[in-house]
Amino acid sequence: MHGLNKESGPHVPSGQAHDGDSRSRLWRITRKIETFFVTHRDKIVWVHTVTFLCFLALIAVPPFLPDHTANATPFTDYATFANMVMWGVWFPLVFLSVIFTGRSWCGLLCPMGAASEWANKKGLRRAIPRWLSWPGTPIVSFLIITILGQTVGVRDYPQAIAEVFGGTMAAAIVIGFIYGRNKRAWCRHMCPIGLLLGVFSRLGAVHFVPKNKIPGGDVLSEKGLCPTMIDLKRKEESRHCIECFRCVAPQSRGGLFLRLRHPGEEIETIRKHHPNLAEVWFLFIGTGIAAGGFLWLSLPLYNTLRQAVGEWFLGHGWYWIGTPGPAWLMVVQPQHREVFMWLDFMMIAGFMLACMVVLTALLSLATAVSAWLSGKVGGDLDLRKRFVELGYQYTPVAMVSLVIGLGGKIFDLLKYTGLGDVGIGYAKGGLFVAGLLWSVWLGSKILAAQKVPAARRWLPLVPGVVGSLVVAVFWWPAIFPL
Ligand code: SF4
Ligand code: SF4
């Protein structure tokens with residue numbers, strides 16, 4: 001699939017667009033999509049109102065309902081239904097949708113970002129402080145929410161869902177109310193999933209391109225109309241674009257235009273799209289912590305370690321380790337026979353962070369070897385730049401892992417189709433293999449862009465494949481439960 005030529009803009013269709021019927025058809029479809037969203041841009045507020053009400057119904061109602069029975073299903077119990085919608089539909093579909101539509105969730109549907117922007121219109125409009133615009137802020141935010149989600153049982157208990165999602169919504173509104181002028185400071189700098197969606201949106205088939213691009217690469221700018229502070233004329237990457245269509249004016253010679261492309265194109269040509277080391281670290285860190293959030297529940301090793309650490313603390317007379325903590329920080333659900341102690345809190349957080357460190361170290365090693373070998377067989381650039389480019393090859397396998405592991409309830413829905421456990425295992429395995437093969441393909445394309453001759457490309461590709469397989473090993477219990 002090919003879209004408009006970058007340089008051509010929507011008014012001057014390139015020769016490429018007229019080369020064949022399919023390209024010409026794609027060009028017309030793209031212009032229709034663009035016109036539709038620009039024409040109906042003022043109605044998005046109603047879409048946001050509906051999603052906001054749905055969000056409230058899913059997180060605020062279930063905590064007040066009586067506890068469900070053990071054999072409750074989404075069809076017989078509202079709280080079970082709400083949980084299934086959050087983890088079996090919303091979570092996996094938002095992440096999978098980036099492949100086809102980029103961050104359309106953010107710009108068109110997300111009630112949190114919309115509420116933050118609405119608060120900004122009414123708010124204090126203070127300058128965005130440096131602690132908020134620090135590049136590490138969304139990483140810290142992501143780590144805190146991911147770990148807290150595990151310790152309070154966000155996948156199981158309605159109270160925990162209300163706390164995590166309600167608290168995040170409140171934070172989005174407060175940040176929006178205080179900081180920025182007609183901007184989404186929350187979405188750009190602090191949303192716990194914004195950065196993750198941003199990395200994965202580089203795989204997406206949707207891209208907004210300046211009609212009159214000026215060189216220099218992406219920079220943050222609080223001037224202009226972009227809510228996520230993209231300097232529009234310099235825009236070359238997708239990750240901060242929430243697809244709000246505000247910069248699109250089909251009749252104008254300026255602004256941006258919508259371009260459809262084949263999924264993965266931006267990563268295949270990552271050197272033209274502002275690759276950066278911080279994003280690659282985040283990809284590794286995010287994959288590791290998410291794997292830890294699944295593994296502590298499924299690995300027997302976790303219980304062995306917990307036992308040993310608990311005995312060590314008690315042996316030293318530190319009995320507080322065996323007492324329950326506050327319900328906002330950890331699971332305290334005596335009616336469900338689950339009450340976490342400080343030991344559990346520390347062990348879960350420590351185990352997740354350890355998984356993060358180990359997986360980040362292994363992926364870094366695999367990528368470093370790959371980048372070094374690339375240089376040995378003809379790759380251009382210096383080692384650091386080759387490392388950054390090659391780090392992006394893990395994006396598909398990381399995304400698929402996240403969907404299978406933390407959004408695994410989508411596969412529970414397959415039970416209602418009559419597919420047995422084995423069939424569901426194959427569905428998960430098939431999705432994972434597709435992600436893995438896509439990662440290998442991207443690795444090969446990045447090496448081609450580094451000018452590594454085709455006959456020698458296999459050599460630096462091998463460590464990349466090993467890196468993808470390492471991710472597979474971490475997520476194996478999610479695909480085929482022990
Ligand atoms: S960045 Fe976060 S809060 Fe903002 S629109 Fe996207 S998901 Fe919603
Ligand atoms: S680049 Fe355009 S479409 Fe993307 S977020 Fe900014 S204004 Fe919206």
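Me: Which residues surround ligand 2?

Reply: The general idea is a distance rule: a residue is near a molecule if one of its heavy atoms lies within 4 Å of it. In this predicted model, ligand 2 is surrounded by Cys-226, Pro-227, Thr-228, Ile-230, Leu-232, Lys-235, Cys-241, Ile-242, Glu-243, Cys-244, Phe-245 and Cys-247. A word on the ground rules: residues are numbered from 1 along each chain as its sequence is written, while chains are lettered from A and ligands numbered from 1 in the order in which they are written. Local features need pLDDT of at least 70, side-chain atom pairs count only at pLDDT 80 or more, totals for chains, interfaces and linings use all residues, and side-chain values use heavy atoms, with hydrogens and water left out.

Me: How many nonpolar, polar and charged residues does the shell around ligand 2 have?

Reply: Ala, Val, Leu, Ile, Met, Phe, Trp, Tyr, Cys and Pro count as nonpolar, Asp, Glu, Lys and Arg as charged, and the others, Gly among them, as polar. By that sorting, the shell of ligand 2 holds nine nonpolar, one polar and two charged residues.

Me: Is Cys-226 buried or exposed?

Reply: Buried means under 20% relative accessible area, exposed means over 50%, and partly exposed lies in between (1.4 Å probe, protein chains only). Cys-226 has a relative accessible area of 9%, so it is buried.

Me: What about ligand 1: which residues are around it?

Reply: Around ligand 1 you will find Arg-103, Trp-105, Cys-106, Cys-110, Met-112, Gly-113, Arg-184, Trp-186, Cys-187, Cys-191, Ile-193 and Gly-194. Helix H5 (104-109), helix H6 (111-122) and helix H10 (185-189) are the elements that give two or more residues to this shell. Here a helix is a DSSP run (H or I) of at least four residues, numbered from the N terminus. By class, the shell around ligand 1 has eight nonpolar, two polar and two charged residues. Cys-106 is buried, because its relative accessible area is 9%.

Me: How many disulfides does the count come to?

Reply: A disulfide is a covalent bond between the sulfur atoms of two cysteines. The rule asks for a pair of cysteine sulfur atoms within 2.5 Å, and by this rule the count is zero disulfides.

Me: How many aromatic pairs are there?

Reply: Rings of Phe, Tyr and Trp (its six-membered ring) pair if their centres lie within 6.5 Å; planes under 30 degrees apart count as stacked, over 60 as edge-to-face and the rest as tilted. The count comes to 25 aromatic pairs. One of them joins Tyr-302 and Phe-351, which are edge-to-face at 5.5 Å centre to centre, with 85° between the planes. This pair links distant parts of the chain, with Tyr-302 in helix H14 (residues 300-315) and Phe-351 in helix H15 (residues 342-376), 49 residues apart. Tyr-302 is buried because its relative accessible area is 3%, and Phe-351 is buried as well, at 9%.

Me: Which residues do ring pairs link into a cluster?

Reply: Ring pairs link Trp-87, Trp-90, Phe-91, Phe-95, Trp-105, Phe-165 and Phe-200.

Me: How far apart in space are Val-403 and Leu-96?

Reply: Val-403 and Leu-96 are 307 residues apart in sequence and 7.6 Å apart in space, C-alpha to C-alpha. Val-403 belongs to helix H17 (residues 395-406), and at 1% relative accessibility it counts as buried. For another case, take Thr-80 in helix H4 (residues 78-101): Thr-80 and Leu-363 are 283 residues apart in sequence and 37 Å apart from C-alpha to C-alpha.
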